[in-house]
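Here's a quick briefing to read alongside the model. Keep the viewer open and click along as you go.

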Amino acid sequence: MKQRGLAAALTSVVLASVVLAAASLSAQQQVQPVVGDAARGKPLFSDTFNCYACHNFDAQSGERRLVPLNYTQEGFITFVQNSPLPNMPAFPDASPQQLADIYAYIRTIPADAPALRDVPLLSDVLQRKNRAVAE
Amino acid sequence: MAKRVDSASTGSVDRREFLKGAAAGAAGAAGAIVTGPAPAQQAAPANQRPGVTRPTEADARADFVPPEPRADARFIRNPGSDYMVDVLKALDFDYVAVNPGSAFEGLHESLINHGGNRKPEILTVLHEEAGAAMAHGYAKAAGKPMMTLMHGTVGLLHAGMGLFHAWCDRVPVFAIVGQPRNPTSVINRPHSAQDMGSIVRDFMKMDDEPTNLDVFANIAMRAYTIGLTPPRGPTLLVIDSELQEAPIPDPSKLTIPRLSMPSIPQGDSGAVKEAARLLVSAERPLIRTGKLARTSAGWDRLVELAELLQAPVDVGGYGSWQDFPSWHALYGSGGADYRPDVILGLEINDMTPSVRAVRATGGKTISICSEYLSQGHNIHDFGNYSEVDVAIAADGEVTLPSLIEEVRKQSTGNAQRLRTARGAQVAAAHKSIRESEIDAARYGWNSSPVSVPRLVAELGRQIQNDDWAIVSGHQFTGQWQRRLLNHDKFYRYNGDSGGFGIGYDTPASVGGALAHREHGRLPIAIVGDGDFNFVGAGALWTAAHHKIPLLLIVHNNRAYHAEVMLVQRTAARRGRGNDKVDIGNVIRDPAPDYAKIAEGYGIYSEGPIADPTALGPALERALARVRAGEPALLDVISQPRGPT
């Protein structure tokens with residue numbers, strides 16, 4: 001009994017410490033959000049987490065275009081760590097810092113593409129296609 | 001699809017040719033074997049030539065049965081394989097893919113010296129899988145089969161994957177495997193088998209092993225006709241090495257059978273009439289096609305039917321052939337708002353999604369498909385049983401004329417007015433879709449590595465005035481070939497592998513390019529780096545050696561990238577992190593240099609090309625080589641996927 005009581009007391013102390021530590025960490029995060037670094041984010045995107053496999057190296061021309069990225073950094077981190085989408089795996093082990101770096105990298109990618117009139121090759125394809133359909 | 005051989009002329013000419021040789025042989029000696037010294041090749045016994053090891057006494061003791069005289073110590077006037085070649089010539093083959101082997105050395109020698117290496121001409125291949133894939137790609141582009149020869153168990157096992165693809169793609173390949181019968185050498189024992197055909201039987205339309213030359217001729221004709229009768233597929237002859245080598249006992253008793261091709265099954269007239277009735281009365285008919293049209297006539301008839309009904313034509317995705325012009329107003333499924341009430345499936349082996357799509361609204365489905373005539377097989381490449389309303393067991397392409405005729409007969413003035421309105425609706429949807437597709441191609445346009453649409457569009461600019469043909473599949477470039485290149489002829493696209501295993505694209509492209517060579521077309525292949533690394537590099541040598549023009553673009557994303565995604569998703573489901581999923585999936589460190597590999601095979605090449613602005617000039621240089629009759633390779637570092 002005595003030992004059991006001691007164990008219970010110790011457990012309470014440990015739990016309280018964890019809660020306090022978590023609260024402290026949470027407070028620090030709120031005060032000092034992680035700052036992403038695009039240079040670090042690029043290899044994380046292409047190599048470490050292989051985001052390129054679905055989204056392509058350019059994050060523009062893949063299965064799901066990532067630009068313009070409409071998430072906040074916090075929203076992005078939460079989504080990637082807990083993705084509910086069937087084709088988008090969750091990355092629970094990716095740290096907030098790593099995901100902030102990836103976020104910063106994606107933000108460096110041009111959000112839009114050149115206008116069709118500025119891509120003569122594609123304009124030409126569309127014109128030829130329209131002519132072929134009309135024939 | 002089959003080229004019908006003129007029965008009177010073929011039978012008599014080949015028989016004359018064969019009997020002429022046979023008569024000469026018979027006149028030479030009562031026995032065909034000449035044992036005395038005469039031919040130069042007998043100057044030195046085989047076991048005294050450099051590189052050939054003389055058997056030891058232990059070897060001799062190991063085989064209790066006294067060895068037969070060595071095959072190359074005999075001189076045979078009229079070997080059985082000469083007759084085999086004459087039979088095969090009656091089948092009008094242009095090419096035979098060969099990776100040499102002692103199990104068919106008799107047939108090999110007869111093809112060269114008796115047959116003159118013409119019709120069929122030997123295509124030297126560096127792997128049997130490549131040989132089978134070349135025959136597969138060739139058959140689709142040429143509309144006639146190619147032969148492929150294999151050495152015993154080992155050659156057949158190598159070829160297995162190529163034959164499997166041909167089976168899944170419903171394409172005829174005329175395969176022959178040599179059988180070392182009663183082998184006395186330690187090497188040939190594992191190359192022979194009690195039942196050779198069983199190795200690949202699960203994906204062959206038929207296989208057989210003739211016991212004498214009469215039976216060989218019979219089985220060769222059967223294999224050809226069965227292979228070309230829908231649903232088409234590969235066939236296998238197992239040819240005993242002794243049957244090839246032994247002299248023909250009495251040549252005057254052998255004849256060359258006349259090829260008699262059966263007509264292709266057409267739809268029952270009553271069922272076709274009912275199908276036409278449903279289509280004519282439909283408000284929103286949709287035509288879906290699978291492996292339908294490999295001829296100009298089939299292509300034209302499908303266009304005729306679609307225009308007559310003003311019905312959109314959905315040619316499907318992976319695994320389908322082209323069947324219908326990709327830049328036609330009726331191409332596609334009619335847009336998101338087009339809810340079909342009648343779906344006509346032409347050579348669709350699984351109508352279940354169509355049945356599901358119309359069932360809720362009381363719609364009807366029609367299936368005209370030769371798959372109904374297929375017999376049971378081990379491979380699950382046949383479709384689900386589907387509750388279609390009109391099921392017609394017949395070939396789709398040859399049934400089209402009677403269906404068109406019935407639709408014309410049953411059409412009324414009111415139906416024609418409805419069609420005009422429907423056509424306008426479908427055309428408007430098509431316009432919207434094509435504009436949005438072109439718009440999507442802008443994204444990543446200037447990216448490095450090169451985007452898939454940029455790669456296809458740059459190619460399209462260079463070949464718009466050529467008579468081109470894409471001889472690879474489009475599994476790894478999505479729909480971008482169809483969107484950005486005007487597929488306005490039945491031969492513009494040769495289809496995917498059928499079995500969706502990689503390793504098909506590069507060698508099958510060489511086979512397809514060979515078929516297009518005689519028409520002066522410009523063959524182009526876009527193959528994945530994963531595919532190229534299977535048996536593709538050796539196939540390049542065949543293209544170089546036989547001067548087969550082909551532009552081969554390696555769509556190089558340095559990974560089996562689809563598998564990267566799959567392992568990522570699995571790791572995520574299991575909560576194990578995603579930082580190791582490239583293990584086993586990427587082709588880096590070192591990244592192979594495909595241009596250097598091609599150069600090593602004697603082929604003009606450039607790459608790696610990662611800068612999109614460098615791609616156009618590189619294509620121009622490589623295409624100049626191809627137009628001059630050479631193969632060429634471009635290694636393009638590419639984005640893994642096209643935008644959707």
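Predicted model: local features only at pLDDT ≥ 70, side-chain atom pairs only at ≥ 80, totals over all residues.

Chain A is built from 6 helices and 0 strands, while chain B has 20 helices and 16 strands.

**The two chains**

- Reading chain A from the N terminus, the elements go α-α-α-α-α-α.
- Chain A has 135 residues, and 29% of them count as buried.
- In chain B, buried residues account for 52% of the 644 residues.
- Take the contacts in chain A between residues at least 6 apart in sequence: 57% of them join residues at least 24 apart.
- For chain B, with contacts again between residues at least 6 apart, 80% join residues at least 24 apart.

**Where A meets B**

- On the chain B side, 41 residues are in contact with 31 residues of chain A.
- Helix H13 (413-441), helix H14 (452-463) and helix H18 (561-573) of chain B each put at least two residues into the side that touches chain A.
- H18(B) gives the largest share of that side, with 7 residues.
- Sorted by class, the side of chain B that touches chain A has 16 nonpolar, 16 polar and 9 charged residues.

**The five-stranded sheet in chain B**

- Look for an open sheet of 5 strands in chain B, ordered E12-E13-E14-E16-E15 and paired in parallel.
- Strand E12 (468-470) and strand E15 (604-609) of chain B are at the edges with a single partner strand each, so one side of each has no neighbour in the sheet.
- On average, neighbouring strands of this sheet are turned by 15° against each other, direction ignored.
- E15(B) runs parallel to strand E16 (residues 631-637) of chain B, and 4 bridges join the two.
- If you want a specific pair to click on, B:Glu606 has B:Leu634 in E16(B) as its bridge partner.

**Helices on that sheet**

- Helix H16 (residues 505-517) of chain B lies across E12, strand E13 (522-528) and strand E14 (550-556) of chain B, and runs at about 175° to E13(B).
- Helix H20 (residues 612-627) of chain B also packs on the sheet, where it touches E13, E14, E15 and E16 of chain B.
- The direction of H20(B) makes about 165° with that of E15(B).

**Helix H9 of chain B**

- H9(B) covers residues 269-281, which is 13 residues.
- From first C-alpha to last, H9(B) reaches 18 Å, close to the 18 Å expected at 1.5 Å a residue.
- Which residues of H9(B) are buried? They are B:Val272, B:Ala275, B:Ala276, B:Leu279 and B:Val280.
- Those residues sit on the same side of H9(B), because they cover an arc of only 130° around the axis.

**A loop residue worth a click: B:Pro230**

- B:Pro230 is in the loop between helix H7 (213-228) and strand E6 (235-240) of chain B.
- Why does B:Pro230 count as buried? Because it has 21 C-beta neighbours inside 10 Å, and the cut-off for buried is 20 or more.
- Leaving out residues up to four places away in sequence, B:Pro230 touches B:Ile264, B:Pro265, B:Ser370, B:Leu373 and B:Asp395.
- B:Glu371 is 141 residues from B:Pro230 along the chain, yet their C-alpha atoms are separated by 8.0 Å.

Terms used:
Residues numbered from 1 in each chain as written. Chains lettered and ligands numbered in written order. Expected span 1.5 Å × (residues − 1). Buried ≥ 20, exposed ≤ 12 C-beta atoms within 10 Å, placed from the backbone. Arc of directions from axis to C-beta. Contact = placed C-beta atoms within 7 Å. Nonpolar A, V, L, I, M, F, W, Y, C, P; charged D, E, K, R; others polar. Pairing = 2+ DSSP bridges. Axes fitted to C-alpha atoms, helices over the stretch in contact; angles between N-to-C directions.
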